[in-house]
Amino acid sequence: MQFSSFSELIQMGGQGIFVWSSYGITLLVIAINVLSPLLRRRALRKEIKHSINREVRQHESNS
Amino acid sequence: MNRLWALIKRYYHRLGSPQYFYDISTRFLPWLVAVSVLLCGFGLIQALLFAPQDYQQGQTFRIIYIHVPAASLALSAYLMMALSAAIGLIWKMKMAEIIAKVCAPIGASFTFIALVTGAIWGKPTWGTWWIWDARLTSMLILFFLYLGIMSLHAAIQNTQTAAKSTAILALVGVVNLPIIKYSVEWWNTLHQPATFKFMQKPAMPADMWMPLLIMMLGFYCLFVVLVILRARCEIIDRERRSRWVKELILATKQD
């Protein structure tokens with residue numbers, strides 16, 4: 001362990017702002033990359049389900 | 001030899017099928033997620049808490065543990081995109097076109113991380129956020145190449161035309177890769193040379209480069225996870241008229 005206390009870890013001898021902002025931005029970008037396909041998946045599912053239901057209704061009204 | 005060729009051919013055709021890719025990725029995805037979370041988590045703890053500080057750069061040195069893996073991935077993602085694009089262009093392989101497409105936003109993200117963390121590292125260490133030297137400029141060009149490929153995809157409605165045009169752009173952009181890789185050796189620059197060289201012991205102690213190696217592996221696993229996540233969406237979108245996708249959608253619960 002390189003740091004003796006939590007505040008020392010945060011400050012990193014005055015250089016904490018550089019280190020933590022780098023790690024923060026990285027985490028944010030990766031989180032966006034994980035979330036965006038998950039959200040798109042959900043939207044696609046809804047969309048396709050709707051169109052299947054529409055097809056089924058049309059089929060029923062025709063017959 | 002003939003047997004081997006037949007085996008390669010069989011797997012080529014299988015993996016070329018979006019449905020096969022979807023099924024097999026469903027099985028592998030949880031494991032890949034677990035491995036990348038473990039590697040990144042362990043690597044992060046090592047990088048932030050246990051790695052010693054650099055005798056010249058101090059604590060800012062810790063940025064290396066995300067900067068180098070991100071930059072390395074930025075290049076690898078481009079290579080993978082260009083290779084898949086070429087395969088898609090030559091053999092019209094659907095799955096290759098999909099992989100080529102989904103690599104672009106992920107590669108752009110990692111290039112962005114490399115550029116931003118590099119700038120944040122540069123300010124306290126070399127006294128500037130940015131200079132127009134060979135490594136930094138070629139990395140910025142890589143970022144714009146990714147953005148160009150993404151916007152070309154967004155601008156062309158027809159999927160086949162889009163795949164073709166973006167493939168050509170991606171292949172032209174390959175010239176940039178050796179320039180990035182060797183820029184620190186060809187030109188005098190502010191950027192330091194590579195930490196890991198093939199068949200050579202790194203110039204840092206093991207407790208410094210071990211976390212870096214772990215983070216690299218973790219980032220590569222994470223990249224595979226991100227590619228699979230996006231590719232699965234793309235498959236569902238493109239194959240929405242097929243029977244197996246409809247069955248898959250109807251089989252899942254409302255969410």
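**Ground rules.** I number residues from 1 along each chain as its sequence is written, and I letter chains from A and number ligands from 1 in the order in which they are written. Since the model is predicted, local features need pLDDT of at least 70 and side-chain atom pairs count only at pLDDT 80 or more, while totals for chains, interfaces and linings use all residues.

**Chain A overall.** I looked up the elements of chain A and found 2 helices and 0 strands, these being DSSP runs numbered from the N terminus (helices H or I, at least four residues; strands E, at least two). The radius of gyration of chain A is 25 Å, well over the 11 Å that the globule rule gives for 63 residues, so chain A is more spread out than a compact globule; the radius is taken over C-alpha atoms, and the rule is 2.2 Å times the number of residues to the power 0.38. The C-alpha atoms of chain A fill a box of roughly 75 × 15 × 15 Å along the principal axes. Buried residues make up 13% of the 63 residues in chain A, where buried stands for 20 or more other C-beta atoms within 10 Å of the residue's own, exposed for 12 or fewer, and partly exposed for values in between, with C-beta atoms placed from the backbone.

**Two residues of chain A.** I then turned to A:Phe3, in the segment before helix 1 (6-11) of chain A, which is partly exposed, with 16 other C-beta atoms within 10 Å. Leaving aside neighbours within four places in sequence, A:Phe3 is in contact with A:Glu8, A:Leu9 and B:Leu49, a contact being two residues whose C-beta atoms, placed from the backbone, lie within 7 Å. A:Met12 lies in the loop between helix 1 and helix 2 (16-62) of chain A and counts as buried, with 20 C-beta neighbours inside 10 Å. Phi of A:Met12 is near 45°, a positive value in a residue other than glycine.

**Where the chains meet.** I find 32 residues of chain B in contact with 24 residues of chain A. On the chain B side, the elements giving two or more residues are helix 2 (18-50), helix 4 (94-126), helix 8 (206-238) and helix 9 (243-251), and helix 4 of chain B gives the most, with 10 residues. By class, this side of chain B has 18 nonpolar, 7 polar and 7 charged residues; Ala, Val, Leu, Ile, Met, Phe, Trp, Tyr, Cys and Pro count as nonpolar, Asp, Glu, Lys and Arg as charged, and the others, Gly among them, as polar.

**Helix packing in chain B.** Helix 5 (residues 134-155) and helix 7 (residues 176-186) of chain B pack at an angle of about 155°, with their axes 8 Å apart, and are therefore roughly antiparallel to each other. Their contact has 8 nonpolar, 3 polar and 1 charged residues. Helix 3 (residues 64-91) and helix 8 of chain B pack at an angle of about 40°, with their axes 9 Å apart, which makes helix 3 of chain B oblique to helix 8 of chain B. The residues of that contact divide into 15 nonpolar, 1 polar and no charged. For both pairs, axes are lines fitted to C-alpha atoms over the stretch in contact, and angles run from 0 to 180 degrees between N-to-C directions; angles under 35 degrees count as roughly parallel, over 145 as roughly antiparallel, 65 to 115 as roughly perpendicular and the rest as oblique.
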